[in-house]
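Me: I have a structure open and want to learn how to read it. Can we go through some features step by step?

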Amino acid sequence: MKKKFVFATNNIHKLEEVTAILCNKIELLSLKDINCKVDIPETADTLEGNALLKARYIYKNYQLNCFGDDTGLEVDALNGAPGVYSARYAGEEHDSEANMKKLLKALEGIENRKAQFRTVFALILNGKEHLFEGIIKGEIIKVRKGTSGFGYDPIFVPEGYTQTFAEMGNEIKNKISHRAQATHKLCKFLESI
């Protein structure tokens, strides 16, 4: 029998990505599936903190096993920014185009374009909290390339590759990405219990 977990996100792209990667022993429920219409605030100053806020909200209010996540793009030359503020780097609207534009502007004339995507999952299983992290290093290119993916995908090239996440498509991205790594760690843990 499949174990059911709520993924505490309203981001349809994240939901699709994690569903595509997830081990087949787990049935993923969305916030919509449990009739949760709340946009859970991300007020922590760390990825771990935001992931826990989401998971704790669902566990407290619905008493369901669940996990929340937060992802940040951490740019070396910007001391780790936009980091925890990645989704709202250019404002509260969560506008990917505006976020990329602001980031590219901030990196104008800077040679060091090294960056990493980092995802943290916070799982609450029977009241116990567990954290899982995935990191992929790469660099920020100067011009957008590709049309698939979301967020900063058109300007991020992972180490060892020549294409951006937005050029390589979901099949490759879902094998190597930060979210894929965190999802695999989560699955491995769930399969071991």
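Reply: Start with one residue. Q116 is in strand β5, residues 114-125. Helices (H or I, at least four residues) and strands (E, at least two) are DSSP runs, numbered from the N terminus.

Me: What kind of model is this, and how are residues numbered?

Reply: It is a predicted model, where local features need pLDDT of at least 70, side-chain atom pairs count only at pLDDT 80 or more, and totals for chains, interfaces and linings use all residues. Residues are numbered from 1 along each chain as its sequence is written, and side-chain values use heavy atoms, with hydrogens and water left out.

Me: Is Q116 buried or exposed?

Reply: Buried means under 20% relative accessible area, exposed over 50%, partly exposed in between (1.4 Å probe, protein chains only). Q116 has 15%, so it is buried.

Me: Which side chains make polar contacts with the side chain of Q116?

Reply: A polar contact is a pair of N or O atoms within 3.5 Å; within protein, one must be able to donate a hydrogen and the other to accept it, and residues adjacent in sequence count only if both atoms are side-chain atoms. The side chain of Q116 has one with the side chain of E74, at 2.7 Å. It has another with the side chain of K137, at 2.8 Å.

Me: What else is Q116 in contact with, beyond four places in sequence?

Reply: Contact means heavy atoms within 4.5 Å. Leaving aside neighbours within four places, the partners of Q116 include L73, I135 and F156.

Me: Which residues have the most contacts inside the largest nonpolar core?

Reply: A nonpolar core is a set of buried Ala, Val, Leu, Ile, Met, Phe, Trp, Tyr and Cys residues joined through side-chain atoms within 4.5 Å. The largest has 20 residues, and L73, V75 and F156 are among those with the most contacts inside it. A second, separate core of 17 residues includes I34, L47, L52 and V120.

Me: Where is there a cis peptide bond?

Reply: It joins A81 and P82, with omega about 0 degrees. P82 lies in strand β4, residues 82-83.

Me: Which residues have a positive phi without being glycine?

Reply: N35 is one of them, at about 60 degrees. N35 sits in the loop between β2 (26-29) and α2 (47-62). Its relative accessibility is 53%, so N35 counts as exposed. N79 also has a positive phi, about 55 degrees. N79 is in the loop between β3 and β4. With a relative accessible area of 77%, N79 is exposed.
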